[in-house]
Amino acid sequence: MKPAKMLTILAFSLGAAPTALAQGWIEPIRPIQIGPWVTKVRTEVSVSVSGRVATVEVEEWFRNDGPGLGEGDYLYPLPGEAVFSNFSLYQGDQELRGETMDATRAREIYEEIVRSRRDPALIELAGHGLVRARIFPINHGETRKITLRYTQVMNRAGDALQFRYAAGTANRRQIHPMGTMGPLPQHPQGRVPLSFTLTAESGSMFGDPFSPTHEVIVARRDGALHVRPESDLHGDFTLFLPLATDLVGITVATHRQPGEDGYFMLTLSPGTVTGSGLPRDLTVVLDVSGSMSGSKLDQAKRAIEQLLAGLNSSDRFRLIAFSSGITRHSADWSDVNSTTVAEAREWISRLAANGGTNIAGALEEAFRLDSPPDRLPITLFLTDGLPTVGEQDPEAIAAAAERSSGRSRIFSLGVGYDVNTYLLDRLATAGRGSTQYLQPGEDIESAIGTLVAKISHPVLTDLVISDLPVEIDEVYPRQLSDLFAGEEMIIFGRYSDGGASPSGEVTIQGMRNNTTALFATVASFPERNADNDFMPRLWAARKLGWLTRQLRLSGHNEELVEEVRELALRYGLLSEYTSYLVQEPLEMAAAGPGLVTRGRGDMRVQLRAVAPQQATGQMAVRTASRDEMRRNLAGESQLVELEEALADEFRTDNQRLVAGRAFRLVDDVWVDVRHDDSTRTVSIAPYSDAYFRLLRLAPELQLYWSEFEQVVVTGHGVSIEVKDEGQSTMSGGELALLVRAFRGL
């Protein structure tokens with residue numbers, strides 16, 4: 001069963017009573033006068049896991065602040081394929097008699113509510129089933145608790161169990177009893193309080209849970225495993241519980257719309273690491289030029305000392321400091337023992353900041369020594385400046401480093417805005433590592449400590465996906481990094497049937513202790529799977545990060561720019577290449593030449609020109625940081641945070657940014673700024689048969705149609721407008737052609 005799309009609806013004869021969260025709201029049964037509302041005041045969700053069975057209890061409290069009695073139906077939507085077992089529903093201590101409906105009957109109810117209220121809040125429930133029960137009257141001033149209990153068998157996702165729940169959307173619109181739109185009344189504390197906890201009494205069955213939708217807090221007490229969201233729970237919540245494995249567990253989840261290639265998320269979860277693991281050759285390259293003086297160098301010194309304290313006896317290390325010249329702790333590798341570590345700490349304490357920045361010389365020294373095949377070479381490179389001594393051309397420095405770095409994994413930290421993002425990203429790309437950019441004033445010690453913890457215990461290196469039952473394409477990351485203990489590796493990609501069975505073994509190959517190791521699990525890649533609808537945007541965000549990095553590293557390429565634009569618009573993502581600045585006509589007149597303008601009526605749109613990609617400075621660092629975040633996105637919460645930060649740069653009073661698109665209000669219609677008067681436009685009547693059928697064929701429209709009642713959304717070859725005078729019916733062939741034109745297929 002899939003509780004990811006579940007929400008609760010109460011239908012009261014008292015009137016339309018909004019709540020501060022959209023997981024529950026009030027829908028009137030019959031027309032009445034406007035009056036006070038019944039409101040939900042609290043929700044508690046607790047889940048108990050035993051083996052593969054999850055027992056879910058949902059408790060919700062509703063208060064009647066009106067003058068009379070409130071009664072109606074309790075509606076609980078659920079996915080059409082879901083089946084409850086041990087189902088029970090209570091109002092207080094009184095058990096309620098409920099009925100279940102299949103998706104076809106439930107769809108009629110949802111669509112009728114949407115039509116009658118002229119509110120698209122329920123369009124996301126198409127295809128779901130429904131539980132309905134009549135509740136008893138709630139007296140004036142009374143608060144009643146409704147309790148729903150059910151059990152479900154969790155789906156197996158490779159070497160993990162998958163659980164889903166939905167808390168609802170925070171920005172749902174609300175309809176008043178007479179049909180007028182109005183703001184959502186807020187709970188005194190803001191949102192309606194919602195608590196969620198999941199407990200597995202046999203915690204030893206599972207590794208560390210992870211969520212691709214929310215950050216979670218995991219605790220183990222008295223043998224039990226406890227999981228809860230780190231912040232407010234809203235939207236779809238997906239949680240994976242990896243089964244405990246000796247070394248590596250493989251989790252596989254999929255999503256596929258009819259007629260399209262599917263999406264997959266493959267997660268590698270390191271298990272218990274026994275023995276010393278793969279020995280490392282660790283090289284630390286530290287910038288001690290004059291700009292590093294003060295707290296920056298002090299923090300870096302403390303971090304490196306902590307790094308030395310965490311080395312294993314099988315590891316080796318080298319320490320290199322550079323300014324105008326190069327200083328090294330020793331000419332060869334140092335073994336890890338109390339004497340060498342004490343000498344290294346003494347050497348670190350004497351480092352002082354002065355002089356220029358000889359990056360080329362430092363990298364040449366860093367890669368001077370080779371490592372044997374049975375050791376993992378790791379280079380940690382930290383700088384806060386541009387090359388000023390020796391070779392200063394970033395391209396020449398990067399090319400030389402690529403030639404000499406060999407098998408070394410390169411992790412770079414750029415401190416402040418005076419770094420060359422092109423150079424640092426080239427190093428990380430060549431070395432299967434990563435780049436972290438620290439804004440001025442950020443804690444260097446903490447950043448290095450986090451990185452060191454990540455790379456402390458290598459589990460597998462040189463990873464490849466060696467066998468699958470389907471054809472896969474566009475896998476991100478493009479080159480798999482190494483797998484370290486305590487750090488899941490999350491891989492997104494597309495799949496097609498390729499003539500093979502949709503089910504079979506998924507095999508991962510890697511190197512461990514200079515020996516090839518294989519790990520496999522059985523997974524299914526179905527032709528249709530509506531679950532895990534978070535997956536397309538996360539895959540697209542990963543691809544967007546890879547494409548924009550390619551543009552920064554290889555220079556402007558119109559084909560890549562167009563691919564970025566189309567990808568971002570198709571999946572509702574913001575990027576530097578799909579940002580629009582809407583200005584008034586007088587502002588446009590003074591805007592200057594070289595701008596592309598187009599309009600609808602009196603609307604004028606300036607398409608923001610793509611500035612030449614700079615490698616240094618504040619904007620370069622922020623852009624590089626965004627690309628790095630996109631390329632490593634592991635969950636929806638991170639994507640939302642990134643998108644909101646970008647949206648703040650473009651928001652105005654009469655402009656909205658929704659899922660990567662800018663809309664301008666023109667004559668009470670929200671118009672996609674990509675639209676102009678020459679664009680072919682197809683009009684659809686809101687909440688009509690054509691409206692709902694089109695949503696089922698093009699679910700990406702839901703993002704915009706649930707936000708606006710009258711809206712124009714522009715695709716590749718056509719704009720789709722929702723307005724009262726639009727078409728109410730269209731044939732299946734007409735709708736299919738419209739979707740193809742919208743998507744540019």
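Biologist: Why is Tyr-687 called buried?
Modeller: Its relative accessible area is 3%. Buried means under 20% relative accessible area, exposed means over 50%, and partly exposed lies in between, with a 1.4 Å probe and protein chains only. Tyr-687 therefore counts as buried. The model is predicted, with local features needing pLDDT of at least 70 and side-chain atom pairs pLDDT 80 or more, while totals for chains, interfaces and linings use all residues. Residues are numbered from 1 along each chain as its sequence is written, and side-chain values use heavy atoms, without hydrogens and water.

Biologist: Where is the place of Tyr-687?
Modeller: Tyr-687 is in the loop between β40 (681-684) and α13 (689-697). Helices (H or I, at least four residues) and strands (E, at least two) are DSSP runs, numbered from the N terminus. The phi of Tyr-687 is positive, about 65 degrees, although Tyr-687 is not a glycine.

Biologist: What makes Asp-222 count as exposed?
Modeller: Asp-222 has 85% relative accessibility, which is over the 50% limit, so the word exposed applies. Asp-222 sits in the loop between β16 (216-221) and β17 (224-229). Its phi is also positive, at about 50 degrees, and Asp-222 is not a glycine.

Biologist: What makes the pair Glu-57 and Arg-149 a salt bridge?
Modeller: The N to O distance between their side chains is 2.5 Å. A salt bridge is a side-chain nitrogen of Lys or Arg within 4 Å of a carboxyl oxygen of Asp or Glu, so this pair qualifies. Glu-57 is in strand β4 (residues 53-64) and Arg-149 in strand β10 (residues 143-153), so the pair ties together parts 92 residues apart in sequence. Arg-149 is partly exposed, because its relative accessibility is 32%. By this rule the count is 33 salt bridges.

Biologist: What is the distance between the closest N and O atoms of Asp-315 and Arg-280?
Modeller: The distance is 2.8 Å, and the two residues form a salt bridge. Asp-315 is in the loop between α2 and β22, Arg-280 is in strand β21, and 35 residues separate them. Asp-315 and Arg-280 are both buried.

Biologist: Why are Arg-631 and Glu-628 separated by about one helical turn?
Modeller: They are three residues apart in helix α11 (residues 618-631), which means about one helical turn. Arg-631 is buried, because its relative accessible area is 16%, and Glu-628 is buried at 10%. Both belong to a network of salt bridges that also links Asp-425, Arg-549, Arg-552, Asp-627 and Arg-630.

Biologist: How do you know that the span of helix α2 agrees with its 15 residues?
Modeller: The expected span is 1.5 Å times one less than the number of residues. For α2 (residues 295-309) this gives 21 Å, and its end C-alpha atoms are 21 Å apart, so the values agree. Among the buried residues of α2 are Leu-297, Ala-300, Ile-304 and Leu-308. The buried residues of α2 pack against β21 (280-287), β22 (316-322), α3 (338-349), β25 (376-383) and α7 (444-454).

Biologist: Which residues is Gly-249 in contact with, leaving aside its neighbours within four places in sequence?
Modeller: They are Asp-159, Thr-267, Leu-268 and Ser-269, where contact means heavy atoms within 4.5 Å. Gly-249 and Leu-268 are 19 residues apart in sequence, and their C-alpha atoms are 5.7 Å apart. Gly-249 is in strand β19 (residues 248-255) and is buried, because its relative accessible area is 5%.
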